[in-house]
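This report describes selected packing and charge contacts in one protein model. Please view the sequence and the structure together while reading.

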Amino acid sequence: MLGWKVDPRFGLLGTSAYEVEVHDASGELVWCSGTVASSTAEVVVDRELSPHSVYQWRVRVADRGRQWSQWAGSTLETGPFDYSDWQARWLSVAHLARVVTPFRLLRPVARARLYLTGQGVVRAWANGAAVNPDRMDPTRTDFVRALFRTYDVLESLSAGENTLTFVVGLGEWARTAESPRLLAELVIWHDDGSITRVVPGVDSEVSRSEVAVDEPFYLERHDPIASATGLTTLSAPVVLEPKVLPTSATTPPLDVSSDPTPRLRAVQTFVPSEIARSAGSRLFDVGVNIAGRSKLTLLEKLPVGTVIRVQHGEHIGSDGHIDTTNLTMPYDHGRERQVVEYVSGGAVGETHEPWFAYFGFRYLEVWGLPDDVHVGVAAYAMHTDLASSGSISTDSPTIDRLLTTARRTLLNNVHGVPEDCPTREQAAWTGDAASVAEYELAAFDSATFLDKWIADLETSQRTDGQLPAIAPDLHSVRMPSDPVWGSALHRMLHGHLLHYGDARLVRRALPALRRWADFQLGCADDDGIISRSTISYGHDWLALEQTPPPIHHTAAVIECLLALADLEEAIGEPDAAAHRRAAADGLRASARRMFFDPVTGTFGNGSQGSYAIAVESGILTGREAHEAGARLVGLIRERGNRVSSGFATTRSVVRALTKLGRSQVIFDILLQTAEPGVGAMLSSGPGTFWECWWIDPTNTGTGSLNHVGLGGPFAAWAWEGLAGLRPTAPGYTRFRVAPQFIDGVTRLELRTETVRGEVVISYSRVASLARVEVTVPPGSECTLAIAGQADVILATGKHAVEVEALVASPSMPPGEVTPRSRSFIAPVSADVVGSRTLLSESEIVPGRGNPTLETLPTLKCMPIPHEQPDHAVLKVVGAVHGAADVAPTVTVNLSAPIPVAGAMFFYALIDQCIEGPDRIATPFLLLKLSNEETRRSSSQGWPAGWNRVAIDTAGLDESIEVVSIEVGLEYGEDPPNNALALYPIESGIRAGFHLGEIGFSTVSRTW
């Protein structure tokens, strides 16, 4: 595909036609589009070009008056199109082996290209000159395909003897337990027209490299002294036969194509400041959190064999040294992470830096240097080099800091894929990308990066339509699907079309999105809501107050169906679009019926996330939506201008407030600088967003300080709410500008480069009078929407209007409202009006499995902290796992029978964040009635949160009483593999749960 942009001075009113020509190196015309009557700015060359060739192409366009522009030209170079174009073959190579291929050049060289890929991380040298020293090649992807990079190595070659060298590390490939692989070919074009090809193979020389240890996440050790003297025999490369669609990582892929993404490289260098020195240690501060590497340069001679140890981290412990506890996982058992060791040769000018590892860090600590030796210390940020597509500037330091923090955090988490964090996992969790889709598309030129990653989602999809929560994922057992996490596909695909207009990508990826939508609809229960999904990550990952998973799952599927409908319509499938919109409307109606009580106005459990979803998803409309919005605002104010949501619903909170025109509330949230909250991240953080709303250096598993998921939606608001810019038709052919004026911002300018040209939005405000200026690029149309005024359609060109600005007053809560300790406590569910204290008022005795009972004053769940009750909880631990294992229960002997008259439902809250066997356990509740009958119910056992199991009693005879209650777990059918398993099925591990509440309510149940 070839693309171009039109100078606004030529196509002020847009273009009407184009013509494209492609010429080969001899100047011969090989393809011509002819005159095409279209205003599009791209074309697909619909004939095959030759591999390994150079072409010249040019384009001209006609304006609306049929006047033609001058020709504009560029160069197009092709590499191998498919595996048959390679002379090289896939090689399995010994981990960390140095693979050298010598070759001789006797004729002058005109052009030389190294085509490089692998499975693992590959470093390459031509005649000892590093080809990719600051890169991470190849870009990560699924094992069913590989992506190659092209390097110009002409300047590194010489007449006579030459060498081509490779060393392959593991990187993410370590997850497969397979040896790393290499596919590389050097193609050399000589002045006389002949071609030389150099490929590593079974006869290449193999020796030890200087890297002695390569354990991703933990340790990379360099020992050039040992490598020079070592006598270890390494196996020669082994040729592997690829398959079209490998079913596992044991076989390399036949699908090898050019990498479309920007390069992953070192993009910024920092000079850390030394902030402390102690015996054998020097501590340095980069100043902000980065993702990348450190580099040491010896400025004085060292004793040969000196071992230098460098550790990277986000925290300094109480002992004055780096503490990586917050970057570890429970299975690390205290092992330190992010360490590099170097056995130094001791020469002045010697440099030491990692070859394969990258880290997330603010601090680095250097051990092993004599006190009197000077070294140069540098740190550099490494990430996929996404270019900014635009910028926003305001007169608010808070907004500017928000956008700076968002930019740094997002870029720290793009390394060929969108990651969760650059420290603990470096995994392509889809939930993080889903939460910031709008921000990433608005702020960066993400066209090719997301095209590639959407392809990863396609190849990772299971046959039943599920989208794994990590994609690509090289584990043999992949993470189960959560509808909110899987929203990444429709958000990125739909957003990509709106921003870039690439219908080709839509047609390619739409089958995967259709299968995903159908799978999700298959998770609907008999009430028509999405309650049977395979998993929910954390009941709203790391929320202070959980939102029941069926609520945000149902909302995610509604959004998916609406996006799918838009995409179907964009490719000319109106009937399919109508079908998907009807399904979305059906889900909305079911959600309103099951989650909303029109008498009390309660939606779901009354959490901020619940009310936000009701508004954002259109489940409630009109007056009901505005009342839900008012409740949402009230809850935020009650918490001291803080949100209580997590990864699943923070985006919904921000978007619901924007939809209701309540941007002032969002700004007030940013101004709340005390933990927990996003404002604290801006005022006291290391220049990046955090995984949690607060900092906890002792958190093992969820304590990253380099996570974009919670803060990213606020950055998206700056683009879509504060500035008010959203594309509304493919490729910015139409866009909407609807700025929301707030107290605290009187000046704003947004500039963004779209596929149509530059869009500029600016406003300045004095009191209630604002001047708004908009620049509309050629071939585009803008709708200017100002609250309280009629929409105005703006054509191509520059426009300025003066409008009345509706500005809400800020609300700063009184200092005594919601102290930090109370900010972590979850309120009572809004649909519980009755008793919630039966647990403390009754006699609790062991039930099935004869469990042990322990009262805990509070609940502390790690590694996934979640909603905290305001009272003690009961810890129930069952018998040792064995052949006759049964899940534990307790019996609640009530102090007095409870009449069901007036009670709408009974319930229990069960938390399963406790060590236990790898078994599927379902919470259940049993009521024993005075008429000797029982009523029983069970619920989905969602991890990392309070599961409520409830029994509706409204239809029972009012003379009946509840005489006792049994509550606990029951085992279901165990899956053959469980990607979430932390504990194996073995003797000595006992099942258990926390029991938080037992009670009943006199109002209708809304979840």
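## Packing and salt bridges

Leaving aside neighbours within four places in sequence, Thr-398 is in contact with Phe-667, Leu-670, Leu-671 and Leu-682, where contact means heavy atoms within 4.5 Å. The model is predicted: local features need pLDDT of at least 70 and side-chain atom pairs pLDDT 80 or more, whereas totals for chains, interfaces and linings use all residues. Residues are numbered from 1 along each chain as its sequence is written, and side-chain values use heavy atoms, without hydrogens or water.

Thr-398 belongs to helix H2 (residues 397-411); helices (H or I, at least four residues) and strands (E, at least two) are DSSP runs numbered from the N terminus. Thr-398 counts as buried because its relative accessibility is 10%; buried means under 20% relative accessible area, exposed over 50% and partly exposed in between, with a 1.4 Å probe and protein chains only.

The largest nonpolar core comprises 143 residues, and Phe-714 and Trp-717 have the most contacts inside it. Such a core is a set of buried Ala, Val, Leu, Ile, Met, Phe, Trp, Tyr and Cys residues joined through side-chain atoms within 4.5 Å. Not counting residues up to four places away in sequence, Phe-714 touches residues including Leu-402, Ile-666, Leu-670 and Trp-693. Another core, of 33 residues, lies apart from the largest one and includes Leu-838 and Tyr-971.

In helix H7 (residues 503-521), a kink of about 45° lies at Ala-509, shortly before Pro-511; the bend is the angle between axes fitted to the seven residues ending at a residue and the seven starting there. Among the buried residues of H7 are Leu-505, Ala-509, Leu-513 and Trp-516. The elements covering these buried residues include helices H5, H6, H8 and H9.

The structure holds 59 salt bridges, each a side-chain nitrogen of Lys or Arg within 4 Å of a carboxyl oxygen of Asp or Glu.

| Salt bridge | N to O distance |
|---|---|
| Arg-478 and Asp-142 | 2.9 Å |
| Arg-175 and Glu-172 | 3.4 Å |
| Asp-451 and Arg-504 | 2.7 Å |

Asp-451 lies in H5 and Arg-504 in H7, so this pair ties together parts 53 residues apart in sequence. Asp-451 is buried, with a relative accessible area of 12%, whereas Arg-504 is partly exposed at 38%. Salt bridges that share partners also join a network whose members include Glu-438, Arg-491, Glu-559 and Arg-651. Asp-142 is buried, with a relative accessible area of 2%, and Arg-478 is buried at 14%.
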